[in-house]
Amino acid sequence: MSQDESTPARREGGRPLPAGEVYDWYTRGMALLGHGDANAAVQLLEHAVAAEPASPSLREALGRAQFSAGQYLAARETFAWIVDRHPTDDYAQFGLGLSARKIGDLRAAVEHLALATAMRPDISDYGVALRGARAALARA
């Protein structure tokens, strides 16, 4: 008898869990994201976050996948969770700013992108995004 037949399937909220453990879900999710399959990455990373909800690194990975999948409201919520608990996390500020811009909240986008840029002026992507958000806000 296989393990699947001899042991009850693990479940989360009524859904069967993917094979492996949290680290496996994270690494597979990041590999999927790297190969352009953001929606599948979101699915795996949601399981990881549900299993370890206090992990900022898992939430950052989920936020990246959500953003790449075009789930901008979800990405904003995910990055906001990190920023609420870790306001000096420059990448979370950046992700929150990008997500806010995508949903049309230009003032919030500028605020969070400016914070990310102030924290890490050496990361050119932050400054480019900030200038773009400021220009969009000026046109609005």
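Helix axes here are lines fitted to C-alpha atoms over the stretch in contact, with angles taken between N-to-C directions. The legends below all refer to a predicted model.

**View 1. Helix α4 alongside helix α6.** The axes of these two helices come within 11 Å and cross at roughly 25 degrees. Angles under 35 degrees count as roughly parallel, so α4 and α6 are roughly parallel to each other. Their crossing is left-handed. On the α4 side, look for Glu-60, Arg-64 and Phe-67; they meet Tyr-91, Leu-98, Ser-99 and Lys-102 of α6. Sorted by class, this contact has 3 nonpolar, 1 polar and 3 charged residues.

**View 2. Ser-99, tucked into the α6 story.** Ser-99 sits in helix α6, which runs over residues 90–102. Is Ser-99 buried or exposed? Its relative accessibility is 0%, so Ser-99 counts as buried. Setting aside neighbours within four places in sequence, the contacts of Ser-99 are Phe-67, Tyr-72, Ala-75, Arg-76 and Phe-79. Phe-67 is also one of the α4 residues in the contact with α6.

**View 3. Helix α2 alongside helix α4.** Here we have α2 (residues 22–34) with α4 (residues 56–68), their axes coming within 11 Å and crossing at roughly 30 degrees. That makes α2 and α4 roughly parallel to each other as well, and this crossing is left-handed. From α2 come Val-22, Tyr-26, Met-30 and Leu-33, and they meet Leu-58, Ala-61, Arg-64, Ala-65 and Ser-68 of α4. By class, the contact has 7 nonpolar, 1 polar and 1 charged residues.

**View 4. Helix α4 on its own, and what covers it.** With 13 residues, α4 reaches 18 Å from its first C-alpha to its last, close to the 18 Å expected at 1.5 Å a residue. Which residues of α4 are buried? They are Leu-58, Arg-59, Ala-61, Leu-62, Gly-63, Ala-65 and Gln-66. An α-helix has 3.6 residues a turn, so residues three or four places apart point the same way. Just after the helix, Gly-70 takes a positive phi of about 80 degrees.

**View 5. Ala-138 out on helix α8.** Ala-138 belongs to α8, residues 124–139. What is the relative accessible area of Ala-138? The value is 65%, so Ala-138 is exposed. Follow the chain back to Leu-106 and you cover 32 residues of sequence, yet the two C-alpha atoms are 9.5 Å apart in space.

**View 6. Stepping back to the whole chain.** There are 8 helices and 2 strands in the chain, and along the sequence they follow the pattern α-β-β-α-α-α-α-α-α-α. Of the 140 residues, 39% are buried. Among contacts with a separation of 6 or more, 45% involve residues 24 or more positions apart.

How values were computed. Residues numbered from 1 in each chain as written. Predicted model: local features only at pLDDT ≥ 70, side-chain atom pairs only at ≥ 80, totals over all residues. Heavy atoms only, no water. Axes fitted to C-alpha atoms, helices over the stretch in contact; angles between N-to-C directions. Helix = DSSP H or I, 4+ residues; strand = E, 2+ residues; numbered from the N terminus. Parallel < 35°, antiparallel > 145°, perpendicular 65-115°, else oblique. Left-handed = near helix turned anticlockwise from the far one by under 90°. Contact = heavy atoms within 4.5 Å. Nonpolar A, V, L, I, M, F, W, Y, C, P; charged D, E, K, R; others polar. Expected span 1.5 Å × (residues − 1). Buried < 20%, exposed > 50% of the residue type's maximum accessible area, 1.4 Å probe, protein only.
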